[in-house]
Amino acid sequence: MIENTRLHTIVQSGKAEVGHIQKMQGNDRVVSRTPIFRDGRVVGAIGRVMFKGPRQLDELNQRINSLENEVAFYKREAEAMRRQDYSLDSIIGQSSQMIHLKKDIVRVAPLDVPVLIVGESGVGKELVAQAIHRLSARRMKTMVMINAAALPATLVESELFGYSAGAFTGANQKGHLGKFEQANGGTLFLDEIGDMPLDVQAKLLRVLQDGSVEKLGGTKPIKVDFRLVSATNRDLEDMIPQNQFRLDLFYRISPVVLRVPPLRERLDDIPLLSEQFLTDFARRHDRDVCKLPTESVQYLQTGTWPGNIRQLKHQLERAAIFNSTGFIAPADLKIDHRDQDDFPTADISSSFVPSGEGNTLADQIAQLERNTIAAALKKFNGNKKQVARELDISRSYLYKRLADFGLQ
Ligand SMILES: Nc1ncnc2c1ncn2[C@@H]1O[C@H](COP(=O)(O)OP(=O)(O)OP(=O)(O)O)[C@@H](O)[C@H]1O
């Protein structure tokens, strides 16, 4: 005889009971009781132990909660990846210049020819390269990126060409796949090609001519097949007569040249870009999206933007960080109106760092930012990870500001 059974009441009522606790031999069990019908009449009832006790149910609950959290996490990740889809849609801009550029991208992407992307720093050359790859027949393979300016001279050979097992003392046992081989079947994106040293230019030219690479310590050339997309913010044609860039390499890399216009030539794009950057920022930091009133948009459109889209993005993110009203007013923005020629081309964003010594609103904000960071550093004994978490800023932004404020 089952203790505390209620099956007889189920037969009488014809109503199921699910998840009820039933004491059996001194233990609580979670049970279900279901009536059995025949020809519309209850002819019996069946009881089942669902869980050996409420604890098991609790554990299941916790498991479901943790799975729900995992699903939510992966949904956010998938959403972030979708947004980073690097298709044409990720290049924001409806100005006539950008519509023209997008049409050109669509036209050249499927043709398997090298493309040279030119434009000032921060205009979105890398986004264009990604879109070309994504719209090409090679989209299922990877796009390998090389920043020619960041390649240390001592590592150029091994990074680009790779090496065979045991090629030299200290070499990785399994050898190393060079970038050219990694890009096989896909796209090789050579960023800042104008900064490539001449001896590396000669080596690159040989690979492009032969369609093969020789690994360090290798015995025979290995065939490689990639589509070359290069980018530069320098005037390569100007560099050729000065023997800073090889003419023969220039011909190889530039059958198609795409120019990405600077932001000051397409100020019409500022509203759309700003809206996107503020939305992205809010989503990343789980905050409400700051509103940008028309007068602020118009103010942004008066700038010369030597650092282009990257600079606009940083400006808006900085304004959003310090915003407490939900509205970004023109006074919250620091716009540069100097001519392009007045700016150094490198690290333009640093020219916008207010000194913190003046009386303008930006100076006051900078002072507040400096003090806030300094206080947080003290609170967490210099632990930058905790400081970044406390202030809800990225660690890279924290490092940049520490350097700006001389707090390191
Ligand atoms: N049209 C655009 N729409 C959305 N975001 C953009 C656009 N153009 C640039 N960006 C953003 O601006 C930043 C700089 O872009 P990117 O790195 O592609 O520029 P770049 O021309 O390659 O710069 P550099 O010459 O300094 O390498 C990135 O965060 C990029 O996502």
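Analyst: In this predicted model, the shell around the ligand draws residues from both domain 2 (88–261) and domain 3 (267–337 + 355–404), so the ligand shell lies between these two domains. Of the 17 residues around the ligand, the ones that come nearest are Ile92, Gly124, Lys125, Glu126 and Ile309. Two helices contribute to this shell with at least two residues each, namely helix H4 (125–134) and helix H12 (308–321). Sorted by class, the shell is made up of 6 nonpolar, 6 polar and 5 charged residues.

Turning to the strands, strand S1 (residues 17–24) and strand S2 (residues 27–38) run antiparallel and are joined by 7 bridges. Within this pairing, His20 has Val31 of S2 as its bridge partner. The hairpin that S1 and S2 form has 2 residues between the strands, and in this hairpin Gln25 adopts a positive phi near 45°.

S2 is also paired with strand S3 (residues 41–51), again in an antiparallel arrangement, and here 9 bridges join the two strands. Along this second pairing, Pro35 has Ala45 in S3 as its bridge partner. S2 and S3 likewise form a hairpin with 2 residues between them, and Asp39, which sits in the turn, has a positive phi of about 50°. As background for reading these strands, side chains in a regular strand alternate between the two faces of the sheet.

How values were computed. Residues numbered from 1 in each chain as written. Predicted model: local features only at pLDDT ≥ 70, side-chain atom pairs only at ≥ 80, totals over all residues. Near = placed C-beta within 6 Å. Helix = DSSP H or I, 4+ residues; strand = E, 2+ residues; numbered from the N terminus. Nonpolar A, V, L, I, M, F, W, Y, C, P; charged D, E, K, R; others polar. Domains from an automatic or database assignment. Pairing = 2+ DSSP bridges.
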